Amino acid sequence: MKIAYFDCISGMSGDMLAGALIDAGLDLSFFKKELRKVAVDGYAVRAERQSRLGISGTRFIVELKEAGHGHEHGNGHGHGRSFSDIVKLIRASRLAPAVKDDVIDIFKIVARAEGKIHNRSMNDVHFHEVGAVDSIIDIVCAAVGIRALGIQKACASQIPAGSGVVRCAHGVFPVPAPATAEILKGIPLVKGAVRQELVTPTGAAIIRHFVSSFDGFPQMQIGTIGYGVGSKDFKEIPNLFRLMIGEAPDTPSA
C-alpha cells in the first residue's frame, strides 16, 4: 500500500505541501496543466530551490499578476469568494471528479470552521485569505498531487500549532487562529519552537481531509522524500514540511 507521512517539522501550509509534492518528483508543468482546468486567471506559479538552515527543498510560489509580485497567505490580499462561489467554480472545472470532491471537501472544512467562529451559515462564509486565488491553487495542487502519486493513506506527526498572534483580514488573532484551532480539534498538537503561525487554515484543512492517523512515524519503507520550503526563515528550526512516501505492509481488514 502506498503511504505518505506528513512530517510537520514547522507546521504546514498549502504552498509548503505543493512544494514538497514537486520536490518528491511531480513536475511543475503537471500542476500548471491541472490548474488550467479551473477558470481562474490573473496568476502565475513557479518553483524555486531554496534552503532553510542548510536543508534544501522546493518553494512553491503563487504570483498575482495584478500585484506584480508574489505575496504570502494571510495578508488580506486576493480575490475574496464565498464558499458557494468556490463550489460552483470547482464543479464547473475540468478536474477529475474525485479531485473536485477533494477540493470542495477541503474548502468545506474551512467554511464550517469560519462559519462557527463568525456565527454565520457555511454557504455565506466569505473567504478572505483562504478564498483567494493562491489558496485555491494550493488546494487544487494538493488534491491532484496526492492522487497523482497514488497515495492511499496519509499519516502525520503531531502538529506544531505555533504561538503568539497573527494579523489577518478580521484583525489580530491569537495563534493558532480561531478557525485553525477549530479545524484541528481532536488532532494532537504541540506548541512548536517559534512564536509564529505555523499552520494556516488551508494547511489544517488539508491535514484534516487527507490524514487518518497521528500516531507518529508509521511502519513503512521510504521510497521518496520531498521538502516543501516555507516563506519565512526561522533561526530556531528549519521552516520545512517533509513529505515521506513509501510502501506499508497491507493489513487485513478486521
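Q: How far is the sulfur of Cys-141 from the closest cysteine sulfur?
A: The distance is 18 Å, to the sulfur of Cys-8, which is too far for a bond. Cys-141 is buried, with a relative accessible area of 1%; buried means under 20% relative accessible area, exposed over 50%, and partly exposed in between, with a 1.4 Å probe and protein chains only.

Q: And Cys-155?
A: The closest cysteine sulfur to that of Cys-155 is again in Cys-8, 12 Å away and too far for a bond. Cys-155 counts as buried at 2% relative accessibility.

Q: What should I know about the model and the numbering?
A: This is a predicted model: local features need pLDDT of at least 70, side-chain atom pairs count only at pLDDT 80 or more, and totals for chains, interfaces and linings use all residues. Residues are numbered from 1 along each chain as its sequence is written, and side-chain values use heavy atoms, with hydrogens and water left out.

Q: Next, aromatics. How many aromatic pairs does the structure hold?
A: Three. Rings of Phe, Tyr and Trp (its six-membered ring) pair if their centres lie within 6.5 Å; planes under 30 degrees apart count as stacked, over 60 as edge-to-face and the rest as tilted. One of the pairs is Tyr-5 with Phe-217, whose ring centres are 4.9 Å apart and whose planes are at 65°, so this pair is edge-to-face.

Q: Where do Tyr-5 and Phe-217 lie?
A: Tyr-5 is in strand E1 (residues 2-7) and Phe-217 is in the loop between strands E12 (211-213) and E13 (221-229), so the pair ties together parts 212 residues apart in sequence. Helices (H or I, at least four residues) and strands (E, at least two) are DSSP runs, numbered from the N terminus.

Q: Are those two buried or exposed?
A: Tyr-5 is buried, at 6% relative accessible area, while Phe-217 is partly exposed, at 45%.

Q: What about Phe-6 and Phe-241?
A: Their ring centres are 5.4 Å apart with planes at 85°, so that pair is edge-to-face. Phe-6 lies in E1 and Phe-241 in strand E14 (residues 240-247), so the pair ties together parts 235 residues apart in sequence. Phe-6 is buried at 0% relative accessibility, and Phe-241 is buried at 0%.

Q: Which residues have the most contacts inside the largest nonpolar core?
A: Phe-6, Phe-60, Ile-137, Val-140, Ile-207, Phe-241 and Leu-243, in a core of 68 residues. Helix H5 gives the largest share of this core, 10 residues. A nonpolar core is a set of buried Ala, Val, Leu, Ile, Met, Phe, Trp, Tyr and Cys residues joined through side-chain atoms within 4.5 Å.

Q: Switching to helices. Which residues of H2 are buried?
A: In H2 (residues 28-35) they are Leu-28, Phe-31, Glu-34 and Leu-35. Seen down the axis of H2, they fall within an arc of 125°, so they line one face of the helix; the arc is that of the directions from the helix axis to the C-beta atoms.

Q: What do they pack against?
A: The buried residues of H2 pack against helix H1 (14-23), strands E2 (43-52) and E3 (55-64), and helix H5 (133-148). Contact means heavy atoms within 4.5 Å.

Notes
Disulfide = S-S within 2.5 Å.
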